[in-house]
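Please look over the sequence and the model below before reading on. The briefing then goes through the main features by topic.

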Amino acid sequence: AVRTQGANLNLNAGGAIVTMAADDMACVYADTTTQMDVFVIRKSGASVVATSSGLTYLAIQTASASATLDFTASINSTYGAYLFVGDLTVATDDVELWVRVRDTTFQADAGDYTWQSTAGASTSDTEIQFFNGATLGVNESIGNAASEHITFQMLLYNPAGTAQYKAVWISGTFNKALNGTAQRFECGGHYIGALNAIDGVRFLASSGNLTSGSVRMYGIANS
């Protein structure tokens with residue numbers, strides 16, 4: 001249900017009531033096929049209550065004409081998955097948002113990543129794209145006008161595991177270059193360069209800097 005700002009969000013029939021503030025977010029995470037968890041994300045980055053929600057705020061990276069935003073601490077076996085929530089502006093028009101992971105160093109070799117991206121606007125230019133390359137990417141043209149930006153949430157699964165490829169799922173909205181059309185996207189992919197544990201995540205534009213905004217990182221409890 002849609003709630004107005006400041007309204008109470010009832011997380012379950014007999015559970016706690018959390019008071020939402022303006023620009024707070026509530027994310028639904030499928031823990032299993034029969035259990036859906038709700039995580040509240042404060043705009044301020046503060047915890048809702050200790051860690052009982054299963055979601056723990058860990059870090060923030062803030063863009064200021066930045067070539068990259070790097071998370072290089074706290075990504076380990078402590079959590080089974082990590083959530084990244086971002087709102088960024090770009091310096092260069094018509095660029096893509098890229099994601100790379102760190103396995104000793106940030107990996108950027110040809111063929112390190114494979115993914116599928118879907119995007120669509122209010123017009124008929126919906127597309128499905130398949131890629132293999134040196135990044136995970138939202139392969140779309142993000143605009144750099146003062147009012148244009150990209151917002152997203154990204155899940156990184158089991159980064160400390162060594163038996164399977166590391167999986168990433170990202171979704172959000174952005175303003176398209178040239179006409180400013182509001183567009184949504186989804187992207188799912190894997191790091192296939194190696195099976196080693198990864199301990200870092202990097203966000204960058206395909207060209208130019210990340211002008212402003214931030215990305216927050218949260219840990220999702222194993223149980």
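The points below cover the overall make-up of the protein and then its salt bridges.

This is a predicted model. The protein has 17 strands and zero helices. Its structure holds two salt bridges.

**Overall make-up**

- The protein has 223 residues, and 43% of them count as buried.
- Among contacts between residues at least 6 apart in sequence, 66% join residues at least 24 apart.
- The accessible surface of the protein comes to about 10,800 Å².
- Carbon and sulfur atoms account for 50% of that surface.

**Salt bridge between Asp70 and Arg202**

- The side chains of Asp70 and Arg202 form a salt bridge, with an N to O distance of 2.8 Å.
- Asp70 belongs to strand S6 (residues 69–71) and Arg202 to strand S16 (residues 200–205), so this pair ties together parts that are 132 residues apart in sequence.

**Salt bridge between Arg102 and Asp199**

- Arg102 and Asp199 also meet through their side chains in a salt bridge, at 2.8 Å from N to O.
- Arg102 sits in strand S8 (residues 95–103), while Asp199 sits in the loop between strand S15 (182–191) and S16.
- The two residues are 97 apart, and the pair links distant parts of the chain.
- Is Asp199 buried, exposed or partly exposed? Asp199 has a relative accessible area of 31%, which means that this residue is partly exposed.

Note on methods: Residues numbered from 1 in each chain as written. Predicted model: local features only at pLDDT ≥ 70, side-chain atom pairs only at ≥ 80, totals over all residues. Heavy atoms only, no water. Helix = DSSP H or I, 4+ residues; strand = E, 2+ residues; numbered from the N terminus. Buried < 20%, exposed > 50% of the residue type's maximum accessible area, 1.4 Å probe, protein only. Contact = heavy atoms within 4.5 Å. Areas by Shrake-Rupley, 256 points an atom, 1.4 Å probe, with all protein chains shown as cover. Salt bridge = Lys/Arg side-chain N within 4 Å of Asp/Glu carboxyl O.
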